[in-house]
Amino acid sequence: PSALKTIGEEAFAGSAFSYVFVPETVEAIEARAFAGCARLKNIYIPASTRRISANAFENVTGLTIHGERGSYAEYYAEKNGFAFQEE
């Protein structure tokens with residue numbers, strides 16, 4: 001929905017997505033939101049997202065986080081060992 005501000009705890013855990021586009025309205029991604037999403041390889045996180053739980057992508061390997069240079073998404077990717085690509 002257009003008013004979505006938070007992707008809640010375990011909201012998409014175990015889902016079979018390969019690519020996710022997080023809406024510009026989202027400010028936070030909570031704990032284990034995408035945990036165990038084995039097929040998830042690419043996610044776009046907008047600059048509006050300023051909080052991502054440390055374990056939001058628990059047990060997700062080979063993930064590339066796409067976003068704006070200097071954004072929290074870039075910081076999160078570097079801090080947690082994920083690839084980052086500027087969009």
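Analyst: Ser53 sits in the loop between β5 (51-52) and β6; strands here are DSSP runs of E with at least two residues, and helices are runs of H or I with at least four, both numbered from the N terminus. This is a predicted model, where local features need pLDDT of at least 70, side-chain atom pairs count only at pLDDT 80 or more, and totals for chains, interfaces and linings use all residues. Residues are numbered from 1 along each chain as its sequence is written, and side-chain values use heavy atoms, with hydrogens and water left out.

Ser53 counts as buried because its relative accessible area is 19%, and buried means under 20% (exposed is over 50%, partly exposed in between, with a 1.4 Å probe and protein chains only). Leaving out residues up to four places away in sequence, Ser53 touches Ile29, Glu30, Ala31 and Tyr76, a touch being heavy atoms within 4.5 Å. Its side chain also makes a 2.8 Å polar contact with that of Asn55; that term takes a pair of N or O atoms within 3.5 Å, one able to donate a hydrogen and the other to accept it within protein, and residues adjacent in sequence count only if both atoms are side-chain atoms.

Now for the sheet. Four strands make an open, parallel sheet in the order β2-β4-β6-β7, where pairing takes at least two DSSP bridges. β2 (19-21) and β7 (83-86) are at the edges with a single partner strand each, so one side of each has no neighbour in the sheet. Further in, three bridges join β4 (residues 42-44) to β6 (residues 64-67), with Asn42 opposite Thr64.
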